[in-house]
Amino acid sequence: MADRIADIWGTRTPHGRDTAWPVRVDQHLDPSVREEDVDRWVQSACVLCSNGCGADIAVKDGQMVGVRGRAVDVVNHGRLGPKGLYGSWQWSRTDRLTRPLVRDATGQLVESDWDTAMGRIVARSKELLATDAGALTHGFYTSGQLFLEEYYALGVVGKAGLGTPHMDGNTRLCTATAAAALKENFGSDGQPGSYSDIEATDAIFLFGHNMAETQTVLWMRILDRVHGADPPRIVAVDPRTTPVAEAAVATGGVHLAPLPGTNQAVMNGLARELLHRGWVDEDYVSAHTLGIEELRAIVEPYTPERVEDISGVPAADLRRAAEVFGTSERVLSTVLQGFFQSHQATAASCGVNYLHLLRGQIGRPGCGILQMNGQPTAQNTRECGADGDLPGFRNWANPDHVQELADLWNVDQLVIPHWAPPTHAMQIWRYCEQGSIKLLWISGTNPAVSLPELARIRAIAAREDLFVVVQDGFLTETARFADVVLPAALWGEKEGTFTNVNRTVHLSEKAIEPPGEARSDLDIWLDYARRMDFRDKDGAPLITWSGPEEVFEAWKECTRGRLVDYTGLSYAKLRGGSGIPWPVNDDAPEGTDRLYADGNFPTHDDVCESYGHDLLTGGATTPQAYRARRPDGRAFLKAAPYVEPPEVPTPEYPFAFTSGRTVYQFHTRTKTGRAKQLRRAAAGVWVELSVGDAARLGVTEGDVVRVESPRGAMQGPARIGRGRDGVVFAPFHFGYWDQPGTDGASPDGSPRAANELTITEWDPVSKQPLLKLAAVRVTRIGAGEGPAPAPTTTASAPADPAAVPATVGGPDAESSDQVGTAPPPHPAPEPRSPDHQPGSGGRTASAETTEG
Amino acid sequence: MHLATYLGLQHVASQTLAESFRQVAQGHAAEPDVFTDCHHLARMCDEHAARLVPLTERYGEQQDDEPERLHADGLTGVRSGGVGLLRDLQDLYVLASFVDITWTVLGQAAKGVRDRDLIAVVDSCESDTQRQLLWLNTRIKQAAPQALIASGSTT
């Protein structure tokens, strides 16, 4: 038995390079339930991060009572992390929303029924559609935590039913830059690498990615290599001393800690080193890429010394990192929020892609790129058209792609909003602020805690002229601003599929009934479509689906012939075994482990999802200019110079503030905050200061400090941590729903949400908000009540380990982890023909011309 | 030789465009991307003006000889609301187009006088100006439907 609060990553199963990752089955049950008492185990996958671990849900007496990793699954080989073990199921019978809520005559939210609630939404919707502004009055802000079928249905409702361009998700905060960078370099979204690359690699670069806390099971996979024969070297790029940074030092790699906002200078410096030291695969570059001369010119000024001046990373460390990248036989890179939510997000993430292209380190075992996601189903938001993309990675600027959707849905092409770029989340909120969007439908997300500059978001959500619908499992901070609240069934209470970071699709079966009158998000949108009576161009009902499997079958048709090809999948195929990575089609019936083995990228002008952008300004490349470059399957080497961040420390606000995550909580804690083991392990907000800064401010461990930016303030007990001087950190998870003394929605004088401080600013290409960078000042308010509630087990560990009691789970955190109970599952086979990537661009007219 | 005239013209036009970008940035500061990007593009114009200085010294800047009508007018003020933003971005587009075609004119002349320094400056600045136009085009496309169809008179 293991206490997986104290021992986050569990028992090691070390192994050498090119050997299979052993199975270890992790399980946690409610302490009152014995394994033999479980009525049945129901197949699913975990939704408490983006890793997508196969999991079975334990059910007893119609309730979820625990969870177990699936040994057969290629993603996790049986393992689960602490969030999954404790946080997956305990929320299900807590303070759930069980009935729709509407505003009564006095403005109070009161319980109601579905007919009344939906009736109000439909009445407002129809009223607005009848105005001159039509569908431009409607905005949808969804999640990265619903199921594929729900996003596709929402996509069709919004794009073919209403015809609004205002659809996005909180994936804009989480993973928009991953998608944007993949489109800029490779022509299309689609994760090049695979988790199985960890078994084969010699060096792992983690760019702004505290994987040890955010994707614990993926980190276990790395740790098992690190502890085995021929371990890979680790390089960490992160301003904090995370477990990843410690591993970097321990493995003979290096930890680069750039000042927040300076990633681009570091990436350009690394590229310059590769070019100057001759660590470039010239044959690969000339055969498979475009733009080497432009890249060379842009990165040339970034000598290691200049990079040191900008970022504070010692020149010798930069050289060492470049050497590891340049001389390792196989290199794997992962990228997450330290890049995605920071300054020059897309440019810096493209930087990771171009390092791999320069060395030809892509498409082979051990040589991969994982542009990560934060959320479990963010990939599906991107694929299905529930965010600012067209379904099936289609290009909104390509009339042929829009026509394909018009034909599929049997609607006029002009109904599909392709006449303006899809409206990104921050712009949707701006239109709400200006009053031109008058109905905002929020599903499965909590913007009143997760968006930047919360005072502004609360003011917008509270606007009289904005009709807000919130669809959630709980009365979140955001729900308290709604005109109508719809109770949603959550994971385990509904059926559907979802896709993880490395394209692996899982089926999640329904384990228990939803509470009260709660309904799945899919049922809610199908009900809305029925009540709105959306029609196709022949007058027939636009949407005729009645359940998730029908939607999945329709989605398969939408993906036919695209890179994101699901046509070889079915619920039956996904039932019983492992998740399967797309593309899955006649060419690759068992799925595809990694993309671009053939160096043929989906950049053909009739295939690509985007014609690309200027990385510095976001100006969109015209179709004519794109065609003139004749990419025809070659990847783009794109770079941008470093430019100063929009907000830098000043004498008035002398610190750089950055926000982030802890291993024990997920997002705004709607689920993890309701699991007692996790709640105890990270009970409240804290503010991390470096030893030197704390001494200068006269702050000791646990003292309450106030952090102020030009936009707002938050306060919490101080953790004297291990970060670099000049940088202040706070976790963004903590809002107000469970904070005594508040109304559950806003600070009421005791602000603790990190996003009170953040700036309304976004990346010019991916439009991802800049959540990792604000200038702040810090003031000591007074003594606290003991040490800060920051976990000691991770990046928030105290500088003085003796100063704070260690974080442990206790008896009710006991879990089992059984090693070697089954042979390891095999990754999806290599494509039948090594020269042809299933679903890639090689089958187009332009490609045939090139090849002929 | 009128090359000096055109160098002077472009020097002033670059300064005017920089100033106009800053005006739009300040006037539409509630649009964070407009604020940040316009300031960024203004700095690009500053750099262009600075790079023209040694060349105007070489050829002699002759601003005064040219009728005022050859100079592009900057923005006189910014408008408000969605439609106002659109109109201001269009004004910037017109001004940047003027700068763009002036680079073309200068580039032709630079080749004529076989001045490699001038050719290099014009090539690099012209490509910047085209990026500015691309950004303006992209932002105008984004703003147009909502501004013309859905925004009220006061927004």
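## Strand pairing of β19(A) and β20(A)

In this predicted model, strand β19 (residues 496-499) of chain A and strand β20 (residues 504-508) of chain A run antiparallel and are joined by four bridges; strands here are DSSP runs of E with at least two residues, helices are runs of H or I with at least four, and both are numbered from the N terminus. Pairing requires at least two DSSP bridges. T497(A) lies opposite L507(A) of β20(A). Four residues separate the strands of this hairpin, and R503(A) adopts a positive phi near 70 degrees.

Both faces of β19(A) are covered, with G496(A) and F498(A) buried on one side and T497(A) and T499(A) buried on the other (buried: 20 or more other C-beta atoms within 10 Å of the residue's own, C-beta atoms being placed from the backbone).

## Packing of α10(A) and α13(A)

The axes of helix α10 (residues 263-277) of chain A and helix α13 (residues 304-311) of chain A come within 9 Å and cross at roughly 170 degrees. Axes are lines fitted to C-alpha atoms, for helices over the stretch in contact, and angles run from 0 to 180 degrees between N-to-C directions. The two helices are therefore roughly antiparallel (over 145 degrees).

A265(A), V266(A) and G269(A) of α10(A) meet P304(A), V307(A), I310(A) and S311(A) of α13(A), where contact means C-beta atoms, placed from the backbone, within 7 Å. Five of these residues are nonpolar, two polar and none charged (nonpolar: Ala, Val, Leu, Ile, Met, Phe, Trp, Tyr, Cys and Pro; charged: Asp, Glu, Lys and Arg; polar: the others, Gly among them).

## Interface of chains A and B

Contacts link 21 residues of chain B with 23 residues of chain A. On the side of chain B that touches chain A, α4(B) gives the most, with 11 residues. That side has seven nonpolar, nine polar and five charged residues.

## Conventions

Residues are numbered from 1 along each chain as its sequence is written, while chains are lettered from A and ligands numbered from 1 in the order in which they are written. As the model is predicted, local features need pLDDT of at least 70 and side-chain atom pairs count only at pLDDT 80 or more, whereas totals for chains, interfaces and linings use all residues.

How values were computed:
Parallel < 35°, antiparallel > 145°, perpendicular 65-115°, else oblique. Contact = placed C-beta atoms within 7 Å. Buried ≥ 20, exposed ≤ 12 C-beta atoms within 10 Å, placed from the backbone.
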